[in-house]
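Have the model open as you read.

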Amino acid sequence: MNVLVIGNGGREHAILLALKKSKRVEKLYCMKGNAGTAQIAENVNVDYMDIPAVLAFAEAHPEIDYYVVAPDDPLAIGLVDALLGIGKRCFGPTKDAAIIEASKAFSKELMQKYGIPTAKSAIFSDYDKALSYIEEQGAPIVLKADGLALGKGVLICNTIEDARSGLKQIMLDKAFGSAGNKIVIEECMQGLKYTPGEEVSVLSFTDGKTIVPMITSCDHKRAKDGDKGLNTGGMGTFSPCPFWTKELENEVMEKIMLPTVKAMNAEGRTFKGCLYFGLMRTKDGMKVVEYNSRFGDPETQVVLPMLKTDLMDIFEAVTDGTLDKINIEWEDGACVCVVLASGGYPEKYAKGKEITIGDIGDVQLVHAGTAIKDGKLVTSGGRVLGVVAKGKTVDEARQKAYKAVDNINWDGKQYRTDIGIKYRLG
């Protein structure tokens, strides 16, 4: 088979690396791709947010058998619908299902309607009413821009002053554009053992009937060590989650995963693809923090390297509605991804810095914001590289990853030094 993956970040490179291992895949393409994807796939310079241009390319390339739509933006505007409409086989949810991520207000209302455990919340499109609600509720409190905001549209406000400022930033200053036209205001959930709480990412494959969770992972969203600084798209991940148990998995399946799939079906929005559950362990049990309608980034970078089953087989089972017929297996051990970012990220940062890579051993580099310029590897984004290492334990994997980090350099390289030590007591 010839397969095209849509997207140009670390998630897409990680998906391509997994597909490259498939005995069934002959040639890989990536639209638009980066310097890393170019090493294993043919990069296609088409704007994937331009649906007519994508369809024109697809019509002109009948040799491509399967499309994987990976990022949130093209899913939200209906790229999968458009490809299906011209008879192409795809992995990814349709527009009416992708709304589970594209609108936080929709997902909150869905959870409330179907009794899926989540934080208490209220939704506003009026600034003054939202401000009054914040004053009533007090702090800490969480503000979420309704729409897509590159993973940065969530503000955890520890004081009323922070909350007032954050509300202005989202609704009046439009820091996240039209994503802030509506806002979800939530209670700040407290963790069972840790403050503010223990989060775990559980990606899952679903064909709309069967849902199969992948191995767990933990993301580090804040820019700086100790979960300080601004929210980012993710500064690193590790797998598995240290506090995850079979009991928690059963609880999540029964109270969250299956009810979500059934709720989407009941709403006429059957979800087929990768459904991501951002969860928190609280004194009242597991609760949903957020849904994503696709593979997480950088969670994918630590989950897919541990997959033993052929990813292409899984993708086609999801497409064909036969996920219940496939046995999905995972390697034992652990995996860690340390994200190397441009200096200044997630705010202003320079591009075009030359990257030098020394001896990194058997560590895998997953490219995100990279390009080739004048024959040299250079930075081209905020998150530049994911340094991915496997080991028998998280500690072993993180030691390998950080050893490699020391041998990768460019002017302004920025990273966290504490990836993989969250919740280490379980």
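The text below takes the aspartates, then the rings.

This is a predicted model, where local features need pLDDT of at least 70, side-chain atom pairs count only at pLDDT 80 or more, and totals for chains, interfaces and linings use all residues. Residues are numbered from 1 along each chain as its sequence is written, and side-chain values use heavy atoms, without hydrogens and water.

Start at Asp418. It sits in the segment after strand S24 (408–409); strands are DSSP runs of E, at least two residues, and helices are runs of H or I, at least four, both numbered from the N terminus. Asp418 is buried, at 11% relative accessible area. Buried means under 20%, exposed over 50%, and partly exposed in between, with a 1.4 Å probe and protein chains only. A polar atom of the Asp418 side chain lies 2.7 Å from the backbone nitrogen of Gly226. Beyond four places in sequence, Asp418 touches His220, Asp225, Gly226, Asp227, Arg398 and Tyr402. Contact means heavy atoms within 4.5 Å.

Now turn to Asp96, in helix H5 (residues 95–102). Asp96 is partly exposed, at 33%. Leaving aside neighbours within four places in sequence, Asp96 is in contact with Met264, Gly268 and Arg269.

The structure holds nine aromatic pairs. Tyr345 and Tyr349 form one that is edge-to-face, 6.3 Å centre to centre with 65° between the planes. Rings of Phe, Tyr and Trp (its six-membered ring) pair if their centres lie within 6.5 Å; planes under 30 degrees apart are stacked, over 60 edge-to-face, the rest tilted. Tyr345 is buried at 7%, while Tyr349 is partly exposed at 31%.

Conventions: A polar contact is a pair of N or O atoms within 3.5 Å; within protein, one must be able to donate a hydrogen and the other to accept it, and residues adjacent in sequence count only if both atoms are side-chain atoms.
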